[in-house]
There are 2 protein chains.
Amino acid sequence: MYLWVALAIGVLGLISALLFARSVLASDAGTPEMRAISDAIREGAEAFMRRQYTTIAVLAVVIAALLYAGYSFSPRTAPYAAVTVISFLIGAVCSGFAGYTGMYVSIRANIRTASAARTSLNRAIQSALRGGAVTGLIVVALALIGLGLLFLAFGGFNHPQEVPYRLVGFGFGASLVALFAQLGGGIYTKAADVGADLVGKVEAGIPEDDPRNPAVIADLVGDNVGDCAGRGADIFESTAAESVGAMILGAALYPVFGLKGILFPLVVHAINLIASTVGVMVVHSKENEEPMHALNRGYYVTSLLAIVGFAVAVYFMLGARWWLFGCGVLGMATSYLFVVITEYYTESRYRPVQSIARASLTGPATNIISGLAVGMETPAMPVLVISAALLLSYYFGVRGLEDAHVANYAKGIYGTAIATMGMLSSAAYILAMDTFGPITDNAGGIIEMSNQPESIRERTDKLDAAGNTTKALTKGYAVGSAALAAFLLFSAYLEEIRNVVVDRVSVPGGYMPADWSFNNVNLASVPVFVGALLGAVLVYLFSSLAIQAVGRTAQYIIQDVRAQFKENPGIMLGTSKPDYGRCVSIVTKAALKEMVLPGMLVVLLPLVVGEVFRHFSSSFRVGAGINMPSIHGVPVNLSGAEAVAALLMVGTITGILMAMLMNNGGGAWDNAKKYIESGQYGGKRSEAHKAAVVGDTVGDPFKDTAGPSLHVLIKLLATITLVLAPLFL
Amino acid sequence: MYLWVALAIGVLGLISALLFARSVLASDAGTPEMRAISDAIREGAEAFMRRQYTTIAVLAVVIAALLYAGYSFSPRTAPYAAVTVISFLIGAVCSGFAGYTGMYVSIRANIRTASAARTSLNRAIQSALRGGAVTGLIVVALALIGLGLLFLAFGGFNHPQEVPYRLVGFGFGASLVALFAQLGGGIYTKAADVGADLVGKVEAGIPEDDPRNPAVIADLVGDNVGDCAGRGADIFESTAAESVGAMILGAALYPVFGLKGILFPLVVHAINLIASTVGVMVVHSKENEEPMHALNRGYYVTSLLAIVGFAVAVYFMLGARWWLFGCGVLGMATSYLFVVITEYYTESRYRPVQSIARASLTGPATNIISGLAVGMETPAMPVLVISAALLLSYYFGVRGLEDAHVANYAKGIYGTAIATMGMLSSAAYILAMDTFGPITDNAGGIIEMSNQPESIRERTDKLDAAGNTTKALTKGYAVGSAALAAFLLFSAYLEEIRNVVVDRVSVPGGYMPADWSFNNVNLASVPVFVGALLGAVLVYLFSSLAIQAVGRTAQYIIQDVRAQFKENPGIMLGTSKPDYGRCVSIVTKAALKEMVLPGMLVVLLPLVVGEVFRHFSSSFRVGAGINMPSIHGVPVNLSGAEAVAALLMVGTITGILMAMLMNNGGGAWDNAKKYIESGQYGGKRSEAHKAAVVGDTVGDPFKDTAGPSLHVLIKLLATITLVLAPLFL
């Protein structure tokens, strides 16, 4: 019954997304001049998306084939080969579709927002937020419907404890597409941005968003493909991966809750859809109000409704165990605290940004040193929040399930899973706020390029500032949810390994100790420690490759712009139009080429570690091996599974910290520049401003390429290890 | 017998250090003009050291009192309170003495090297290297003699299996002094460097090492107190901590080797002393040879002798188990590979430095991005080397001890311990090469400031370049040894906890399973995961604080230099001398104030985590708790000990990677600047050069403050957890 309700709400979510899209698309689309610019952005974005999804599709098919081959190799896993690959492909297609439709609406909402800004701030905000809400609702609804239907199709009502494991392919498919979407989009957007700035502002001395710059359309396209499509795919995989993880843990609690515990995550996302739709609808701003206030009101309404919905769901589905409701509240509190901490580190009102601005007085070197110091400081408070949330929600879980006859560990971990669900229960609204950012950014660009009067620009500048804030906050939210979910996904991996081991020893001579579970990832064992080291290195190497990719791609743009200025001197005089399309096409090709290497590194490393380490001799085992699953007295060799677990866990820790450093450091640099531009320390064109521009440029690939890609990397690691788990034994 | 031989060689090591010192001090001390500069450096360095050691002494006494109180609190640990505190204080004093004497000779060797450079390159090299060898030999000899005598004094021959645990205080004392020495010195040296550069080169437009700059003596003092004294204390604690760790593991193998296994690490250091003395003596350079070639010859001779000595020691002490000799060879190979990899990332012949230099063409932002990308790439190869070394030496250990009746884990870990010993078996020579750096740097400064002819400057420039290379290489070596030793020290901690648990359950109703050992640091348990997160955050926060300290201290210098220029216009005209002492005194005070906060963070966090988590309820325990040590059926609560273990391990992993990023990134920026200065990409005073100077300045606090302090932090974490272990249960 709960599944049908959830699915129905999922469909309703899709319908309300459609209605939002219709209401946005029906509004005025501005002057022909504005439309010309908007059309150029749209064409560029669509061309990029087409090519990108073609590339990703090829990669996905190759990986699907490998996955099928890997699963077919052993008679133990062969029966699951087909289901796993099917759910992988469906996950990948849904993820791509979520990213694509989100962007489809955004690149049409930008001009409507620009047009609305000519008359009313309120209508502009509503237009941008509703455009963003389309992405938010579609993403969550697709994850809900996709998982729900697969659960049905795989016979979830008959084998409820087994089917969740068959869904891991869906999460992996979603993550894989998300990684490449975020990485390719992130490289595109920052290469275009850095390239356009360096060659336009610095070399040619023309302002930002000047129509004479041949790279200016590529820059605006970047906002859409990087921020909208990338973040959409990112949140889609969060929703999918964390739901699958929570369903697996629910399966472990089947004796307590039955089917309800497994379906709970899907119901939470149904609540999410309702609460977020209402939240988006109530947003309404006065003409002279700060746009952030209006957006925050919507967030509070969403959170309140989500809490109420959560309480109802706990009452009906989890037997009114209020400790578990407490876990959900903890999750929401965590997401709120993450937003507050991110604000502290990235807004110019507070010490960190001001210290960077002050350091700009002594030049770019001290600006950079100070920004890096702020970046390295940022993880401390969020980690304390996450630690408290994990410990408390674990404890609440144990208390809430005191009477249940399962191990304490399973109870506690289910508590952390519910906290994660709580954190994600406003995801659709958060994503709408996030997509608000690139839409308003584009609207500002269109207004600027079509030479609208100053008063309208002021309005779009206000919107743009709010969009920058929402983008920074949602990045904080995304890291926070990744950190909290990490634990849930580790546990799903451990459950999955246990499952595989049970399967493995169910042969003649096999022995399974009654109380054995694979929850021992022992850092004191050499292979595990080596796995941990490799996990940490993966994060560093991936970040390095992503940043280098931006640099290389930006070089292509710089060369093309220089060539265009040389070939056609009329561009600078304003007498002839530059060839925007050529720039767009060059950066598209380069970004897609550059995303393959770092992406494949993430996919292949866990596979290689698992496959190599599973052949390690038993002399690497720690402890006496009593009471271990064994076949004919020989303990099952878990070296591969353990090393991969350590890779996953330490890779996650390293990734979370590095992502915070990059996101917040980059955001702080950006706002330190804006703070100086607002007239502090000499204002625009002062030496301090020049130094701050250097910091901002350094921060760009941090906060918009490597940082957001790391969120996705963390979750991809979790889902890929889940899918490959059977191959590590 | 072996102990007496080792101690005798230790005394011989001290004597040969004395002879080297005499031979250096007896040589010509240059012109009166040169002596005036050298005296100013000496006075500044000695004033800093006096104040620094006073501050450290106060901190050490406070910590000793806390340690005594903590140990006295429980009747189980009270009997060890006095011994632990005594060995702590002796370790601290030895460490301070090692740092001080090394610096004492260096600040006198600098002028002798400068003077020798006026006539012969060979004599200059020999003077600098022998001055450095004094530090190297004293450091290793003191560690050997200190540990040997404490072993005797605590009755090592009667209770050989217990006494090594009583030595952990020695390692902790050494690490504590090393951390503050490296941190205070590192802040001093880079604040003086950055401050002098910003206000001299950038603001006043005078060249480096110009006598008109009031901060120039402070800058030269910094080379001594940061590099000589800091690195001396660093290697002292490495030697001490790793020897204690290896002795503890030797105690676990007492049934196999008896006393010899425990004394083996001390004998290896005796070999180290002999091999390094010979290595230093054979260094001899032709007038037109690259100085690095001569230094490398000495390194090869040292390594060869160390291998031979190692083989002899294995033959007599470890029963000719040649697999174990293989472990030693692996350790030496690891140290060689680390040096090669560091060369690749920091020398201008190779891609990384060249890519940074090329990126400087498009300005400081791309220079910084490219340098950070290189820095993040650097850990990959070293981690592969360390992983291979750990896996192989573990395997060799198991093979070499196949016939012994101890657990595989103990065998394998002893193998990694022997590999660490192998890596450290040329430590004295490496340290001599390292101290060579600041001596030649100072010699160059003295030559520059006393206006010597161009031909002599060329000679000191060559020496200086070699000194920069040796400094970079030894940093690579220091991280490598920290990484390899990390595992050994983890294992010592696990042994120590087991020991404490055995003690704990030896009461009526206590139960100790026969095969139980504490080797389970389970990342899937929430408290352990939180400990791991906190360990990673510690590294980030510490780095942030250290870098911020440099920035703040540099500001004081800038202000003072500006004030001096204003008060006394004669300085810039060259008619009156600036007040060098005032700058030295200001930066001394500021650096010592700034080192306290980050230093105390490292000391207090493990204590707080251990004490808080030991009170966690049993509901956080993973697994059923069968076969656990217990008292009246209640399992011993290991939450505190486990969380600290994870903090230690993940803190170590994060620290190693971050240290590599900072050391190699900083070195690469430095050499990219030098590469451009050599005439590439427009040479000196080009735009690319300006951009490269920004990168170099950013790299300074990375490679000379935060990076080297992280090596010490890693080892301090290991020793502090060893000492505090009894308090976590």
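Visitor: What makes Lys703(A) and Asp704(A) a salt bridge?

Guide: The closest N and O atoms of Lys703(A) and Asp704(A) are 3.4 Å apart. A salt bridge is defined as a side-chain nitrogen of Lys or Arg within 4 Å of a carboxyl oxygen of Asp or Glu, so the pair Lys703(A) and Asp704(A), at 3.4 Å, qualifies. The model is predicted: local features need pLDDT of at least 70, side-chain atom pairs count only at pLDDT 80 or more, and totals for chains, interfaces and linings use all residues. Side-chain values use heavy atoms, without hydrogens and water.

Visitor: Which network of salt bridges includes Lys703(A) and Asp704(A)?

Guide: Lys703(A) and Asp704(A) are linked in a network of salt bridges with Lys190(A), Asp193(A), Lys475(A), Asp670(A), Lys674(A) and Asp700(A). Over all chains, the whole structure holds 50 salt bridges.

Visitor: What makes the bridge between Lys190(B) and Asp700(B) qualify, and which parts of chain B does the pair tie together?

Guide: The closest N and O atoms of Lys190(B) and Asp700(B) are 3.7 Å apart, which meets the same cut-off of within 4 Å. Lys190(B) lies in helix α6 (residues 168–204) and Asp700(B) in helix α22 (residues 687–724), so the pair ties together parts of chain B that are 510 residues apart in sequence. Helices here are DSSP runs (H or I, at least four residues), numbered from the N terminus.

Visitor: Is Ser87(B) to be called buried or exposed, and how do you know?

Guide: Ser87(B), in helix α3 (residues 81–117) of chain B, has a relative accessible area of 0%. Buried means under 20%, exposed over 50% and partly exposed in between (1.4 Å probe, protein chains only); Ser87(B) is therefore buried. The side chain of Ser87(B) reaches the backbone oxygen of Arg166(B) at 3.2 Å.

Visitor: How do you know that the two copies are related as by a two-fold rotation axis?

Guide: Chain B can be laid on chain A by a turn of 180° and a shift of 0.0 Å along the axis, with an RMSD of 0.0 Å. The copies are thus related as by a two-fold rotation axis. The superposition is by least squares on the C-alpha atoms of residues with pLDDT of at least 70 in both.

Methods: Residues numbered from 1 in each chain as written. Chains lettered and ligands numbered in written order. Helix = DSSP H or I, 4+ residues; strand = E, 2+ residues; numbered from the N terminus. Polar contact = N/O pair within 3.5 Å; in protein donor to acceptor, adjacent residues only side chain to side chain.
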